[in-house]
Amino acid sequence: MPLHLEPLDVSNELEEYESVLIVSCPICPPVSLAAERQSPVIEFFKSGIKTRAYEDHLQEICEPLEKRGVRTSVLTIYAPCPMLCLWTTGQRKRLLKRARDFEAVLVMGCESARYTVEHALEDTDCKVLLAMQLVGITNATLKSRFPSTIALDNLARVRANEVENPTSIGGR
Ligand code: SF4
């Protein structure tokens, strides 16, 4: 199911901000980065439940910002719902509270993730920027390697409009 998202270069857009909160969806983005870098999704004994390829990417975003004195932080909320597109009111309030200290929020996720963040922050001056773009839907065989590694095998990217003969809604 995960959407396949590719990172966008937003370094120019971030130049005018002195504080950036990265709001990260922990579902599709890590799987996408693992697929891009042909790296495992989970290596429990090396990085716990985090995906190393994705954590490396977050680091690559933060490092240049911090070098020029920008304050950065990463917000990922796993419970009660990890999917940013389905966050509860409580999760949206937690984001609002956290984002008040930042000039910009960088969304790691899809357009629906951005929608959630914009909705939660609609009464603030926070600038919301999207840092990934949809390029398809991931299909893979999930492979478990003893004792603690989960990887993607037979990886394919399915186009979102793959249906050859779509049935029109309400039509015949
Ligand atoms: S917000 Fe987007 S990226 Fe996150 S789980 Fe939902 S569909 Fe995937």
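**Note on a predicted protein–ligand model**

1. Start with the ligand. By class, its shell holds nine nonpolar residues, two polar ones and no charged residue. Here Ala, Val, Leu, Ile, Met, Phe, Trp, Tyr, Cys and Pro count as nonpolar, Asp, Glu, Lys and Arg as charged, and the others, Gly among them, as polar. Leu3, Cys25, Ile27, Cys28, Met83, Leu84, Cys85, Gly109, Cys110, Ser112 and Ala113 are the residues around the ligand.

2. Keep the source in mind. The model is predicted: local features need pLDDT of at least 70, side-chain atom pairs count only at pLDDT 80 or more, and totals for chains, interfaces and linings use all residues. Residue numbers start from 1 along each chain as its sequence is written.

3. Now the overall fold. The protein chain has six helices and eight strands. Helices (H or I, at least four residues) and strands (E, at least two) are DSSP runs, numbered from the N terminus. Their order is β-α-β-α-β-α-α-β-α-β-α-β-β-β. The C-alpha trace spans about 50 × 45 × 35 Å along its principal axes.

4. Next, contacts. Two residues are in contact if their C-beta atoms, placed from the backbone, lie within 7 Å. Among contacts with a separation of 6 or more, 63% join residues 24 or more positions apart.

5. How much of the protein chain is buried? Of its 172 residues, 31% count as buried. Buried means 20 or more other C-beta atoms within 10 Å of the residue's own; exposed means 12 or fewer; partly exposed lies in between; C-beta atoms are placed from the backbone.

6. Look at the core. The largest nonpolar core has 40 residues, and Val105 and Val107 touch the most other members. Strand 1 (3-7), strand 2 (19-24), helix 2 (28-36), helix 4 (52-67), helix 5 (89-99), strand 5 (104-108) and helix 6 (111-120) each give two or more residues to this core. A nonpolar core is a set of buried Ala, Val, Leu, Ile, Met, Phe, Trp, Tyr and Cys residues joined through C-beta atoms within 7 Å. Not counting residues up to four places away in sequence, Val105 touches Leu21, Val23, Ala99, Val117, Leu121, Cys126 and Val128.

7. Helix 4 deserves a look. Its buried residues are Ala53, Tyr54, His57, Leu58, Ile61 and Leu65. An α-helix has 3.6 residues a turn, so residues three or four places apart point the same way. The cover over the buried residues of helix 4 includes strand 1, helix 1 (11-14), strand 2, helix 2 and strand 4 (71-75). Glycine 69 follows helix 4 and has a positive phi, near 85°.

8. Check the backbone. Most residues other than glycine have a negative phi, and most peptide bonds are trans. Glutamine 38 has a positive phi of about 45°. Glutamine 38 sits in the loop between helix 2 and strand 3 (42-43). It counts as exposed because it has 10 C-beta neighbours inside 10 Å. Asparagine 154 also has a positive phi, about 50°, and lies in strand 8 (residues 149-158). The bond from alanine 79 to proline 80 is cis, with omega near 5°.

9. Last, isoleucine 42. It belongs to strand 3. Why does isoleucine 42 count as buried? Because it has 20 C-beta neighbours inside 10 Å. Leaving aside neighbours within four places in sequence, isoleucine 42 is in contact with Ile49, Thr51, Thr149 and Ile150.

Note on methods: A residue is near a molecule or strand if its C-beta atom, placed from the backbone, lies within 6 Å of it.
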